[in-house]
Amino acid sequence: MADQYNINEEKILKDRHAKEIDLINRDPKQINEDVVKVDFEDVIAEPDGTHSLDGVWKASYTTFTVSKYWCYRVLSAVFGIPVALLWGFCFACISFCHIWAVMPCIKSYLIETQCLSRIYSLCIHTFCDPLFEALGKIFSSVRVALRKEV
């Protein structure tokens, strides 16, 4: 029984860290859909009446597309892992601060304000409610009549 528990626990831990990644759809939540999706037509366009030679246009398209493709690949190969390490460290620090500092402070604040709100509510109900009730009874018999004399 204990062996099966250990095997299941190891499998759960392994599954958390060894998540399958999709090598086809690398932006499943479309977080970069309209930001960095830049094609040749999005950057360079010739309006009617101002066209370069067809050969120049084709060469420009090929040059732009290939240089963008390979530049991105080289930059991601050289800097991808170090930048991923930095962002992992950054988000780990943010998570650590949120879990160990921010949430305990917020929870402590909520506990303290709940105590204070009960005291405030008790004071209001003890002192103000009878006062305003008495004033309401006093002024409930007042009748106001407006007359316009000409």
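User: Before we start, what does "partly exposed" count as here, between buried and exposed?

Analyst: Buried means under 20% relative accessible area and exposed means over 50%, with partly exposed in between. On that scale Tyr-61, at 38% relative accessibility, counts as partly exposed. Please keep in mind that this is a predicted model.

User: And Phe-40, buried or exposed?

Analyst: Phe-40 is buried, because its relative accessible area is 3% and buried means under 20%.

User: How are the rings of Phe-40 and Tyr-61 arranged?

Analyst: They form an edge-to-face aromatic pair, with 5.3 Å from centre to centre and 85° between the planes. Phe-40 sits in helix H2 and Tyr-61 in helix H3, 21 residues apart, so that the pair links distant parts of the chain.

User: How many aromatic pairs does a search of the whole structure find?

Analyst: The search finds six aromatic pairs. One of them is formed by Tyr-69 and Trp-70, which are edge-to-face at 5.3 Å centre to centre, with 90° between the planes. Tyr-69 counts as partly exposed at 40% relative accessibility, and Trp-70 also counts as partly exposed, at 48%.

User: What lies over the face of Trp-70?

Analyst: Arg-73 does, at 5.9 Å from the ring centre.

User: Switching to pockets, what volume does the largest one have?

Analyst: The largest pocket has a volume of about 1,400 Å³. Its lining comprises 29 residues, and Arg-26, Asp-27, Asn-32, Val-36 and Tyr-72 lie nearest its centre. Helix H2 (40-43) and helix H3 (54-139) are the elements that each give two or more residues to that lining, and H3 gives the most, with nine.

User: What is the lining of the largest pocket like by class?

Analyst: By class, there are 13 nonpolar, four polar and twelve charged residues in the lining of the largest pocket.

User: And the second largest pocket, what lines it?

Analyst: The second largest pocket, with a volume of about 160 Å³, is lined by Leu-75, Ser-76, Phe-79, Gly-80, Val-83, Ala-84 and Trp-87. By class, five of these are nonpolar, two are polar and none is charged.

User: Which residues does the UniProt "transmembrane region" annotation cover?

Analyst: In the unreviewed UniProt entry, that annotation covers residues 74-101. In the model this span is 100% helix and 0% strand, and its end C-alpha atoms lie 40 Å apart.

Key: Residues are numbered from 1 along each chain as its sequence is written. This is a predicted model: local features need pLDDT of at least 70, side-chain atom pairs count only at pLDDT 80 or more; totals for chains, interfaces and linings use all residues. Side-chain values use heavy atoms; hydrogens and water are left out. UniProt positions are given in the numbering used here, feature names are shortened, and annotations may be inferred rather than shown by experiment. Helices (H or I, at least four residues) and strands (E, at least two) are DSSP runs, numbered from the N terminus. On a 1 Å grid over the protein atoms alone, a cavity is a set of points where a 1.4 Å probe fits but cannot get out, and a pocket is an open set with protein on both sides within 12 Å along at least five of seven lines; lining residues have an atom within 4 Å of a point. Grid points are joined across faces, edges and corners, and a volume is the space filled by probe spheres set on the points. Ala, Val, Leu, Ile, Met, Phe, Trp, Tyr, Cys and Pro count as nonpolar, Asp, Glu, Lys and Arg as charged, and the others, Gly among them, as polar. Rings of Phe, Tyr and Trp (its six-membered ring) pair if their centres lie within 6.5 Å; planes under 30 degrees apart count as stacked, over 60 as edge-to-face and the rest as tilted. Buried means under 20% relative accessible area, exposed over 50%, partly exposed in between (1.4 Å probe, protein chains only). A charge sits over a ring if NZ of Lys or CZ of Arg is within 6 Å of the ring centre and within 35 degrees of the ring normal.
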